[in-house]
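Student: I am new to this structure. Please show me how to read it.

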Amino acid sequence: MVEKRDYYEVLGVERDADRKTIKRAFLKLARKVHPDVSDDPAAEEQFKELNEAYSVLSDDVKRANYDRFGTAEGAGGSGYVDFSDIFGGMGVDDIFSSFFGGRSASSQRGRAARRQGRDMAISLEVTLEEVARGCKKTIAYDRLAPCDDCGGTGMAEGASEQECPRCHGTGFVTTVQRSVFGQVQSSSPCPECGGEGTVLDSPCEMCDGQGRTPNHERIDVRIPAGISSGGQLRVQGMGEAGMRGAPAGDLIVSVRVRDHERFQRSGDDLVCEIEVSMVQAALGCTVEVAGIMPDETIPFEIAAGTQHGELVIVEGLGMPRMSGGGRGRSAAQVRVLVPRELPDEARALLARYAALMGESVESDSISAAAQDAAAASEAELAEHDKPSKSVVDRIRDAIDDVLE
Ligand SMILES: [Zn+2]
Ligand SMILES: [Zn+2]
C-alpha cells in the first residue's frame with residue numbers, strides 16, 4: 001500500500017496557490033505524463049494521481065474540505081449535484097484525451113467537426129415536489145472550457161495567425177504514392193496545422209494554442225415547473241468549448257423525476273390512493289390528503305354509494321402545466337376497507353343490518369354476536385351493580401330481531 005502523497009506536493013504548488021497557478025501546474029505536468037503522450041509505463045498511475053489532486057484543489061468546496069479535514073468530502077454534504085465522478089468513469093478520460101493527445105485523433109474528423117465543441121449530456125434526478133414548484137439546481141461537471149489566459153483564441157499576447165505554409169490554408173495535404181496499380185492520390189488533414197489551415201507564431205502557453213483547457217464547472221440550472229420525466233434542458237454553450245474560439249457545444253440536461261411515495265403522475269394529473277371504510281363509502285365523507293405543493297390539502301369528496309376502485313377527481317390541484325398555465329387534476333382511487341375484526345357491539349349492529357336488508361350471513365356469526373353482546377351487557381350490569389334497563393332492552397331487541 002503506497003502512502004498517499006499530499007495534493008499540493010503532487011502538483012508542486014504552495015498551499016496558498018491561486019486557481020490559475022494550480023491549473024497551470026496541472027496542465028504542465030499532465031502534458032508530460034498523460035498516457036496518450038507518454039510511453040512511460042508508470043505514466044498512467046502518475047496521471048491518475050495528478051488528476052485526483054487537481055480535481056480536488058480546483059474545486060473551492062473540495063479544496064476547503066481537504067485543507068480542513070484532509071479529505072475532499074469533508075464533514076457535511078456539498079449542497080450541489082456533482083457529476084465529476086460520473087465523468088471520472090469515462091468522460092474525464094475523453095476530455096483529457098481530446099486535450100492532451102487529441103491532435104492527431106480529432107483531426108481525422110475533418111476541419112469543421114474538429115473546430116466546434118461537442119454537446120455534452122448529463123442526467124439530473126429531481127423529486128416530484130421540486131418539479132411541482134420549479135427549482136434551481138447547482139450542478140458541477142468537467143469540460144473543456146474556453147481558456148482563461150487567451151480568451152479562447154489560443155494565441156499568446158502579441159501573437160498572430162498565419163496561413164499554414166505546408167497546406168497553404170486548405171487544411172489538407174495531398175500525397176501521391178506509386179503502387180502496382182499506378183499512382184494513388186490521397187488527401188489527409190495537414191499535420192503541420194492539424195487541419196486548421198492556419199498556424200500561430202506564438203501559441204498560448206496554458207492551452208498550447210487550442211483555446212480551451214479542462215475545467216471544473218459549476219452552474220445553476222433552472223428546472224421549470226411541470227417538466228416531465230425525460231424532458232431535456234439545453235444550456236447553450238456550456239458543452240465542450242470549440243478550438244480557438246469556435247462555437248462551443250451545448251450542455252444537455254435530461255431531467256429524471258424520482259418516483260413519489262404517494263402520487264403517481266399521469267401527464268399533468270396526479271393519482272393517489274385513499275382508504276375509506278365500507279360505512280364511509282356507503283354514507284359518503286370527505287378525505288383530506290396533503291397536496292404536492294407546500295401546505296396544500298386536497299379535499300376528496302366521497303359521495304354516498306362510492307364503489308371500491310372508483311376515481312374521485314378534484315380539478316386544479318395536480319401538476320402545473322408547462323404549456324398554457326394552470327394545473328392538472330388530482331385523482332384518488334378509492335379503496336373500500338372491510339374490517340378484519342369487529343368489536344362485539346359493531347358485529348351485532350351489522351348482523352342487525354343484514355337482517356334488515358334480508359342478506360343471508362353466517363348464522364354462527366349472528367348468534368355469536370348476539371350472545372357476545374348479551375354477555376357483554378350483563379357483565380357491564382354486574383360491574384356497575386345497578387340495572388340499566390335501556391341497554392339491556394336495546395340488546396334484547398337486537399337479539400330478537402336477529403333470531404326472529
Ligand atoms: Zn496546414
Ligand atoms: Zn490559451
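Tutor: We take an annotated site, then a helix pair.

Tutor: This is a predicted model: local features need pLDDT of at least 70, side-chain atom pairs count only at pLDDT 80 or more, and totals for chains, interfaces and linings use all residues. Residues are numbered from 1 along each chain as its sequence is written, while chains are lettered from A and ligands numbered from 1 in the order in which they are written.

Student: Which residues does the "binding site" annotation cover?

Tutor: UniProt annotations may be inferred rather than shown by experiment. Here the unreviewed UniProt entry lists C147, C150, C204 and C207. They span 61 residues in sequence, yet no two of their C-alpha atoms are more than 9.0 Å apart, so they gather at one spot.

Student: Is C150 buried or exposed?

Tutor: Buried means 20 or more other C-beta atoms within 10 Å of the residue's own, with C-beta atoms placed from the backbone. C150 has 25 such neighbours, so C150 is buried.

Student: What does C150 contact, beyond four places in sequence?

Tutor: Contact means C-beta atoms, placed from the backbone, within 7 Å. For C150 the partners are M155, A156, C204, C207 and G211.

Student: How are two packed helices described?

Tutor: By the angle between their axes and the distance between the axes. Helices are DSSP runs (H or I, at least four residues), numbered from the N terminus. Axes are lines fitted to C-alpha atoms over the stretch in contact, and angles run from 0 to 180 degrees between N-to-C directions. The axes of α2 (residues 19-33) and α3 (residues 43-57) come within 10 Å and cross at roughly 165°. Angles over 145 degrees count as roughly antiparallel, so α2 and α3 are roughly antiparallel.

Notes. A residue is buried if 20 or more other C-beta atoms lie within 10 Å of its own, exposed if 12 or fewer, and partly exposed in between; C-beta atoms are placed from the backbone. Two residues are in contact if their C-beta atoms, placed from the backbone, lie within 7 Å. Helices (H or I, at least four residues) and strands (E, at least two) are DSSP runs, numbered from the N terminus. Angles under 35 degrees count as roughly parallel, over 145 as roughly antiparallel, 65 to 115 as roughly perpendicular and the rest as oblique.
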